[in-house]
Amino acid sequence: MTTKLTDCSENRRILVIDDNVLIHDDFRKILQPGNEVHNLDAVRAAVFGGTPRLKPLMRFELDCVDQGQAALALVQRARQEGRPYAVVFVDMRMPPGWDGLETIEHFWAVDPEIQTVICTAYTDHSWEEIIERLGYDDRLLILQKPFSSVEVSQLAMSLTTKWNLARQAHQRLQAAEAANVAKSQFLANMSHEIRTPMNGILGMSELLMQTPLNDKQRRYMHTLQKSGQALIQIIDDILDISKIEAGKLKLEYISFDLRQLVTETQELFSGQAGSKGLQLTTSLSEAVGREYMGDPVRIRQILTNLIGNAIKFTAHGQITVSMTAVDDALGQTELCLKVQDTGIGVEPAIQANLFTPFTQADGSTTRKFGGTGLGLAIVKQLAGMMGGTVGVESVSGRGSTFWCTMRLRKVSAQSLHAKAS
């Protein structure tokens, strides 16, 4: 059962597990001393010499048991009540029940957050054996008996503080994740709300374009349509990134013609590239097959984003789209798609952030070229869903090569035969 996260006060609960009840008294004197105990200790030190025991800077809530089985019941109940123990001090030898290692294994299975100190004068297990059995873990320390009050008090303070800091970090992470989900839901809802009237605007503008218009009116309508289509693309990007972050975007697995898809996507951008005087070419390796199983819509989206970005940031020269098979195994193929341009390039310090949502090279990029900065983030997420990765190689002022890999299933001979018939 997970621990309740409603109590904002610091947790100072400590459990001592030792078959020697005198050890319980020692812990109480150190961690829960009354004023009279401290005064008597001061008198003792004054009469017989020595220094008084360290008075703790804070009081701890202390429980003591003599066997591991009883400790496990307390740990379970503490978790169920939403008041878990922060630290456990556990003896190694506790006949006739579980020893220290077995006890730790049991309550770690119930409460994986608990900080643990093994208290022992001697042990049947070496440190290497303990690590092999429990694993190397920052929740585990060893305190050698006989221990001093200073050691116990410092461990209690530092480990309970560590537990509380870890809990605060966990709470902040949960709050951040909840805020991120709420943000994604808000973006998705708003995008749907905006999309509906935008479709109406585009539909009516299309109808208006079919009516008698003078040249000036036609230019206005053409501008209206282009602006509306650009806004629809932004809305679609926001919807996609929201679905991806929410884990609601699912890939299809259907048979499609990959070579035809690349050709059609190139033709889609040929007019846009030509209007800027850019040469747009494609090159597909002979090892790249024609028929694959996958999601052609999402692969087209990857191509569209990469080619569209290349055209946007290239003023002159050429753009080359290439695809090679980097791993052709039985049943599936790993393909590498590259889009190379002769555009403005990207500074090395900025390249690492290009695939982060809502991120562009710098603030001036948005003002000069427009866009939301979602395209490359969507490419990265889609490639990851297809078992691939993304990357960029760029020289500022000389151009960039953006690449991504993806794994596609091959179409079986039987499927091809069925499709042909």
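In which handedness of crossing does H1 pass H6? The crossing of H1 past H6 is right-handed, a label given when the near helix is turned clockwise from the far one by less than a right angle, with anticlockwise counting as left-handed.

## About the model

This is a predicted model, in which local features need pLDDT of at least 70 and side-chain atom pairs count only at pLDDT 80 or more, while totals for chains, interfaces and linings use all residues. Residues are numbered from 1 along each chain as its sequence is written, and side-chain values use heavy atoms, leaving out hydrogens and water.

## Overall picture

The protein contains 13 helices and 12 strands. These elements are DSSP runs numbered from the N terminus, with helices (H or I) of at least four residues and strands (E) of at least two. Of the 421 residues in the protein, 41% are buried. Here buried means under 20% relative accessible area, exposed means over 50%, and partly exposed lies in between (1.4 Å probe, protein chains only).

## Where H1 meets H6

Two packed helices are described by the angle between their axes and the distance between the axes. For helix H1 (residues 21-31) and helix H6 (residues 149-209), the angle is about 70 degrees and the axes are 10 Å apart. The axes are lines fitted to C-alpha atoms over the stretch in contact, and angles run from 0 to 180 degrees between N-to-C directions. H1 and H6 are therefore roughly perpendicular, the class for 65 to 115 degrees; under 35 is roughly parallel, over 145 roughly antiparallel, and the rest oblique.

On the H1 side, Phe27, Ile30 and Leu31 make the contact, facing Ser149, Val152, Ser153 and Ala156 of H6. By class, this contact has 5 nonpolar, 2 polar and no charged residues. For these classes, Ala, Val, Leu, Ile, Met, Phe, Trp, Tyr, Cys and Pro are nonpolar, Asp, Glu, Lys and Arg are charged, and the others, Gly among them, are polar.

## Salt bridges

How many salt bridges does a search of the whole structure find? The search gives 18, each a side-chain nitrogen of Lys or Arg within 4 Å of a carboxyl oxygen of Asp or Glu. One of them sits within helix H1, where Asp25 and Arg28 are 3 residues apart, about one turn of the helix. The closest N and O atoms of Asp25 and Arg28 are 3.3 Å apart. Asp25 is partly exposed at 34% relative accessibility, and Arg28 is partly exposed at 36%.

Another salt bridge joins Arg13 and Glu61, at 3.4 Å from N to O. Arg13 lies in strand E1 (residues 13-17) and Glu61 in strand E2 (residues 61-65), so this pair ties together parts 48 residues apart in sequence. Arg13 is buried at 8% relative accessibility, whereas Glu61 is partly exposed at 33%. A network of salt bridges links Arg13, Glu61, Asp63 and Arg83. Arg12 also has a salt bridge, with Glu10, and their closest N and O atoms are 2.6 Å apart. Arg12 is buried, at 13% relative accessible area, while Glu10 is partly exposed at 49%.

## A buried glutamine

Let's finish with Gln266, which belongs to helix H8 (residues 258-275). Gln266 is buried, with a relative accessible area of 19%. Leaving aside residues up to four places away in sequence, Gln266 touches Leu280, Thr281 and Thr282.

Definitions and conventions. Contact means heavy atoms within 4.5 Å.
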